[in-house]
Amino acid sequence: MIRKSHVAAPLGSTLTKFIGATLGAVAIAAPAQAGVIGFETGYGMAFGSGETYSEAGFNLLFEAFDSSAVGTAVGSILDGTDPTACVDMACPVGNEGQYYGAFNDSIIWINSGTAGQRFNVKSFDASFIGADPNLASYPIYAGLLRIQGWLADGSSTYTDFLLDRPGQTGFDFGSYLAPSAFSSLDFVQVAMFGFTCNAAGSCNAFTTNRGQFALDNLELTAVPEPASALIFGLGLAGLIAGARRRKA
């Protein structure tokens, strides 16, 4: 478990060498496109199983663990400054904006808004959402958040993040970094879902309807396609070659 507390032959003329170096740099270092999902434009939205939300170039599909339960309430975008955002539950405190609350063992499926686009998972803010408003009832780790990603070849891997028990005033958001071995992988799809933990340290998912969590500031980075980088580099080479012909 990883958790961040509060990862050849000479090319000839100087101009030709410059073009080659530029092409190499472009092909290797084409800029990645990062997006942060903060839920700031979705306040008050409630989601049933099978419904989606889009932000920062990514699509989030919210789904009940039982995929046949279409329309079942699974989450909503809440105001972090409202202490009454959750009725008869313990939602996190101290968030100055909006966040997504995932309820009742539900799953968040994440895909790029561009078909086939691969992406990395970098960081996020998260908290447990307790089913019991009695803050003294939780163990030292109230829950666990799992992020599972699928690669283009169909294989998958996952990493887990422990979610702390509440403080005196309630649950607090923590900031988490994905471990480098995970954040460097190019995923085509990612799932996020919660576990609830007991005093013995045993954590379970999809068995109690209490695997609930809050999510905010999810940072994802789209992976540039090598072909796009090469096309850009060839275009740059063409511009330089054209300038050279005009000079001659």
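I107 stands opposite F193 in strand β12. This contact pair comes from a predicted model. I107 lies in strand β7, which covers residues 107-112. Strand β12 covers residues 189-197, and β7 pairs with β12 in the antiparallel sense over 4 bridges.

Strand β7 also pairs with β4, residues 58-63. Here 6 bridges join the two strands, again antiparallel. L60 stands opposite I110 of β7. Of the 6 residues of β7, 5 are buried, so the strand is largely enclosed by the rest of the structure.

## Disulfides

The structure holds 2 disulfides. Counting bonded cysteines along the chain, the pattern is 1-2, 3-4. A disulfide is a covalent bond between the sulfur atoms of two cysteines.

C86 is joined to C91, with an S to S distance of 1.6 Å. C86 has a relative accessible area of 12%, under the 20% cut-off, so it counts as buried. C91 is also buried, at 12% relative accessibility.

The other link joins C197 and C203, with sulfur atoms 2.0 Å apart. This link is right-handed, with 100 degrees about the S-S bond. C197 is buried, with a relative accessible area of 9%. C203 counts as partly exposed because its relative accessibility is 22%, between the 20% and 50% cut-offs.

## The chain overall

The protein chain has 248 residues, and 44% of them count as buried. The chain contains 3 helices and 14 strands. Its accessible surface comes to about 12600 Å². Carbon and sulfur atoms account for 57% of that surface.

How values were computed. Residues are numbered from 1 along each chain as its sequence is written. This is a predicted model: local features need pLDDT of at least 70, side-chain atom pairs count only at pLDDT 80 or more; totals for chains, interfaces and linings use all residues. Side-chain values use heavy atoms; hydrogens and water are left out. Buried means under 20% relative accessible area, exposed over 50%, partly exposed in between (1.4 Å probe, protein chains only). Accessible areas come from the Shrake-Rupley method with a 1.4 Å probe; for residues, only the protein chains shown count as cover. Two strands pair if DSSP finds at least two bridges between them. A disulfide is a pair of cysteine sulfur atoms within 2.5 Å.
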